[in-house]
Amino acid sequence: MLGRQKFRLNERRGRNRKHFAKALAESGATVDLGSLAQDDGYSEAMFRGLGFGEIETLDFSDFENASLTWDLNQPVPEDWHGQFGFIYDGGTLEHVFDVAQSFRNVGDMLAPGGRFVSLTPFNGYPGHGFYQFSPELVWTYWKNGQGYEVHACRALEIDGTYQQEMPEPRAEGTRVQPKIGAAWRGRMPATRVALWYEVEKTETSTGTGAALQSDYQARWAVGVQ
């Protein structure tokens, strides 16, 4: 877990509890919702309760009692390479200036077959961190550059009232740029919207490919011809 994420089960006047209960029901999980909460408000118990096993937390400092401390602007130690079957970023990498190095660190730490899941700012988070991320980055870097399999890529409001799949720009033949407007018209609301994506490191992932924006690559190819 990048950054020690909280699990706010009882905040927002009970709406969080209803939201999590609905998510558990839809996933088919039979775990008791109350057993996922812990006294300090963090999320290790939730991950364990959902079957993820023991959780290590990585942060820049130990101010929230992270079990591992490291500056993700720098390459992680080699003895961390390939050690994790699942890495979750609940809002950390947008705060790391050298985002390219932070992505390389995630890839180095993942074991083959491991998955990286990120919930990161997409739109409406001015001043939150250094960056907001685009679906183009998910598909171009993780899939086409690194050879990972993309299992999910969608824009969503945190409360789940808006969700929209973000397809691969290269496959669409154009940039994926959602129009802002009313959700009932199929548009992205002018509120805080996050990008949720899940990628898998396969046995053939090389980790050496370049990340070049797909629509420009298409234009360059035409120019060369």
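Biologist: Which residue is the bridge partner of V150 in β7?
Modeller: This is a predicted model, numbered from 1 along each chain as its sequence is written. Local features need pLDDT of at least 70 and side-chain atom pairs 80 or more, while totals for chains, interfaces and linings use all residues, and side-chain values use heavy atoms, without hydrogens or water. Helices (H or I, at least four residues) and strands (E, at least two) are DSSP runs, numbered from the N terminus. Within strand β7, the residue bridged to V150 is V199.

Biologist: Over how many bridges do β5 and β7 pair?
Modeller: Strands count as paired if DSSP finds at least two bridges between them. β5 and β7 pair in the antiparallel sense, and the number of bridges is seven.

Biologist: Which residue in the turn between β5 and β6 has a positive phi?
Modeller: β5 and β6 form a hairpin, with six residues between them. In that turn, a phi of about 85 degrees belongs to G160.

Biologist: Which are the edge strands of the five-stranded open sheet?
Modeller: Happy to walk along it! The sheet has mixed pairing and the order β3-β4-β7-β5-β6. An edge strand here pairs on one side only, and that holds for β3 (84-89) and β6 (163-165).

Biologist: At about what angle does α3 run to β4?
Modeller: Helix α3 (residues 99-109) lies across β3, β4 (110-123) and β7 (193-200). Axes are lines fitted to C-alpha atoms, for helices over the stretch in contact (heavy atoms within 4.5 Å), and angles run from 0 to 180 degrees between N-to-C directions. To β4, the angle is about 150 degrees.

Biologist: Why is the pair of F52 and F86 called tilted, and how many residues apart in sequence are the parts tied together?
Modeller: The structure holds 16 aromatic pairs (Phe, Tyr or six-membered Trp rings with centres within 6.5 Å; planes under 30 degrees apart are stacked, over 60 edge-to-face, the rest tilted). The ring centres of F52 and F86 are 4.6 Å apart and their planes stand at 45 degrees, so this pair is tilted. F52 sits in the loop between α2 (44-49) and β1 (58-59) and F86 in strand β3, so the parts tied together are apart in sequence by 34 residues.
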